[in-house]
Every structure is written in C-alpha cells, then in structure tokens.
Amino acid sequence: MANVALRDDKEESRQSTDSDGSEPFLRPGGAFAATICLSKAAIGAGVLSIAAHCGEVGAGFQAMSLVTGAWLTVWSIDMIARVCIETGRWSFEDLCELVHPAFAALTGFINASMCVGCAAAYLMVAGQVYQVLLDADDKARARFVVFVGVFLCGPLALARHVSFMRHLAACSMVALLFLVVSVAWFAGTRGVAESVTKENFLEGVENATVFTRVNSLNTVVFAYTNQFNAPQLLGEISEPKELNMAAAARWSSLLSLVLYSMASVLGVLAFGVNQKDTLVLGLSPARTEAYVQLCLLAVMFSSLMCFQFHVYPVRQFVAYLVRKLRGRKATQEKDVMYLGQSLTRWLDILCALTTVVLAILVAVVMTSLRSVLNFIGAFASSYISYIVPPVCLLALRGQKDFWSAEMAPVVLFAVGAFFFIFGTYAAVVS
C-alpha cells in the first residue's frame, strides 16, 4: 500500500506540472503549499488577542517571546520531520507508539481535545464579528455560530487532505494582512491611544504580575502551534521531504513572526495598553466605516478557514483507534484516514461532523476568547509542540538514559514541561 501511495503521489505531481515544464505555484505537495498550510494552521485567533497581551507585558517582552516562539517552532517541526521520515509514519499517534501505546493514546486524546477547543475559538471569532457588525445580542450570536458551523464548516471538514485547503488558506492569509492594515489605518486616522506612553509601550503596565507574563507566553505558544498538521503534511509533501518541510517550517514561522509583531505593535498603538478581548472588539467603535466592515468580514472568513485545519488531527486519532481495535500495527500509508474499507470512510465522515458539533457547542457556551486561548496554549499546545516531538526523537534514537541524550530534545522537553505545568496553573488562577 505504501508503494501504491507513493506512485499515486508521483503521478499527481506529474499531472500538476504545466506544459512548459514549470510547476504551479500552489501545486499539491509543494513546499510553498505546505508553507501556506502551516502558516494558516498557526495564524488564526491568536493574532486577534496577541495585542492585548502586548499591552500588558510591553513590546520588549513581547518581541523576545515572539522570536523565541518562532525558533522553537522550527526546532520542533524539524524533530517531527526526522522521526516521520525515518519511520515512514504520518500521524502523531503512530509516532508516539515508538514510546508506548498508552503514550500514543494520551497524545491523540490531548491533540484531539486541543483541536476541538481551537475550532471552537474560531467559531467564537466569527460570532464576535457578527455581533460587532450587526450589534446583535448573545442569542443572535449563538444562532449565527450554529448556522456557519453546520452549513460552512461542516462540508469543508470532510476534505480528505490538508493540502486541499491551500488556496483558501492563501486567501485567508491575505485577509489577515488586511486586518493589520486596517488597524494601522485606525491608529493613523484616530491617533495613538491616550493610554500609551513610551514607558508602558515598551515595558507594559505597572501591575503586570508573573502570571500576566506567563499567560502572554501561553498565547504565544498557542499562536505558533501548527505541529498537529505537520505529520500529515509530511506525508503529502513531495521529495525531498526533509528539505521541503524544513523550508516550509522556516518560512511559515517567519511569516507568523512578522504578522504577530505587526498586530501586537499596531494593536497597542490603536487601542491602548488596556484593551478589549480581541482586535475585533477594539474596532467596534468604527463599525459603520466601510474599511472596518470589510476588515471584519475578512477576519470572519480567515477564522472559518482556519477551523478546518483543526479537524484533521481528530480524524487521525479516530483512525488510529479503529486500527488498534482491528489489531493492526502502525500504518505506513500516507492517507492515514482511509483503510480501504467503506465502513471506515463513513466513520471518518461521522468523526468530522461530530467534531464540528462539539466545536459549535463550546463556541455557543463560551464568551471569553482570551481565557480559552490561554488554557489551550499552556496545556495542550505546549504538550503537542514541545513535549511530544523530543520524546519521540529520543525514543527513535533508543536513548535509555534521558539526561545523556543530545541536548536539543532535552531543552525543548524542559520548555514544554514548564508551560504544561506552570503555564496551565497560571491560566487557571488568572
């Protein structure tokens, strides 16, 4: 089956080549398509709330956090790529079986839970946009969330491959760039917020505590998290896989760094050091202006497109459980959600739709986006991004003595453990 999948991928690559021998810009399996998909998996609701944290902790602390987060993300994806390519496994659950089946099940559960929470966050953003544009109440917001969840997110959640979303992901990235431009225009036309001074812009508010700074770091961890899509994208990307994935990881992290930095600085200048939950709510005073209305619609589109990338890991987890119930070993097929049985395909569809329903329920009940992102970033994102990759790499290398292993996985594991324990505590008590 692995050989058949490989031949199919090569045939698709040949068919996607233009008549003059050149390759389309967003061809399936290309490095640029993977870059766009990784970027879109990361850049979503985090860009809307990151300015509020920047106002609290200051631009200096935020800049160091964002640069470090980009570096750790590249580091983490490189580790995932090394393990995936050496083992021929294309899902987190199969990678974690290198450690123990129980570790694989735990990882799959945490990954799926994180992705459901993230999907709910994107529906919450869509609901916020609807409220701001139409000055709607909570009941109307809930009805709108249910509507877009069922009739838009539901059908898109059934796509078989992550790369299917590459064109929509590219459009949604442009939409987020328009958000940054709109915030800059807001600040330029209305002036810098009165609460901003040189001191608090660089250093943050005076009453910022350790928990405030840790929660800011939690949001940065969440903002860069795209590792949940990395194994499947590796399975879809063309040869040479390691070089193409390395390029995708670096370019997507750089793009995320630039966009988050611009949103942080411009958001503080436009809305002050003590601002509302998201940039969407910050723009609400100007909701009658045409550019703000277009910006909010663009944000809604981008958030709903980001929703889809968080459905794939849940489907992978269910496919893994089905394989274990059937007594099969870790699959080396690139399409990890299809086992050649019609029953499995229907189960995959049911899983995707169930994920959408759960996300809708959470989005209807929850109202504070920052609280959701702080907890997800600390607990689930840190585990998937910084704990699982080094542990799997150490297991692949057969390192029995943890502290005698190469230092890179150990350091990344320590960072993940800090956020998983103390970061979660900070998110809960704040």
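## Aromatic pairs

At 28% relative accessibility, phenylalanine 211 counts as partly exposed, a class that lies between buried (under 20% relative accessible area) and exposed (over 50%), with a 1.4 Å probe and protein chains only. The model is a predicted one, in which local features need pLDDT of at least 70 and side-chain atom pairs count only at pLDDT 80 or more, while totals for chains, interfaces and linings use all residues. Residues are numbered from 1 along each chain as its sequence is written, and side-chain values use heavy atoms, with hydrogens and water left out.

The count of aromatic pairs comes to twelve, where rings of Phe, Tyr and Trp (its six-membered ring) pair if their centres lie within 6.5 Å, and planes under 30 degrees apart count as stacked, over 60 as edge-to-face and the rest as tilted. One of these is the tilted pair of phenylalanine 211 and phenylalanine 422, at 6.0 Å centre to centre with 35° between the planes. Because phenylalanine 211 lies in helix H10 (residues 210-224) and phenylalanine 422 in helix H18 (residues 407-429), the pair ties together parts that are 211 residues apart in sequence; helices here are DSSP runs (H or I, at least four residues), numbered from the N terminus. Phenylalanine 422 is also partly exposed, with a relative accessible area of 27%, and ring pairs link Phe211, Phe418, Phe419, Phe422 and Tyr425 into a cluster.

## Nonpolar cores

A nonpolar core is a set of buried Ala, Val, Leu, Ile, Met, Phe, Trp, Tyr and Cys residues joined through side-chain atoms within 4.5 Å. The largest has 114 residues, and those with the most contacts inside it are Val47, Leu123, Leu179, Met245 and Phe307. Helix H6 (residues 101-134) supplies the largest share of this core, 18 residues. A second, separate core of nine residues includes Cys54, Phe201, Val205 and Ala208.

## Surroundings of phenylalanine 92

Phenylalanine 92, found in helix H5 (residues 92-96), counts as buried at 1% relative accessibility. Leaving aside residues up to four places away in sequence, phenylalanine 92 touches Ile80, Thr107, Asn111, Gln227, Phe228, Pro231, Ile384 and Val388, a contact being heavy atoms within 4.5 Å. Phenylalanine 92 and threonine 107 are 15 residues apart in sequence and 7.4 Å apart in space, C-alpha to C-alpha.

## Cysteines

A search of the whole structure finds zero disulfides, a disulfide being a pair of cysteine sulfur atoms within 2.5 Å. Cysteine 84 is buried at 0% relative accessibility, and the closest cysteine sulfur to its own, in cysteine 392, is 8.6 Å away, too far for a bond.

How values were computed. Helices (H or I, at least four residues) and strands (E, at least two) are DSSP runs, numbered from the N terminus.
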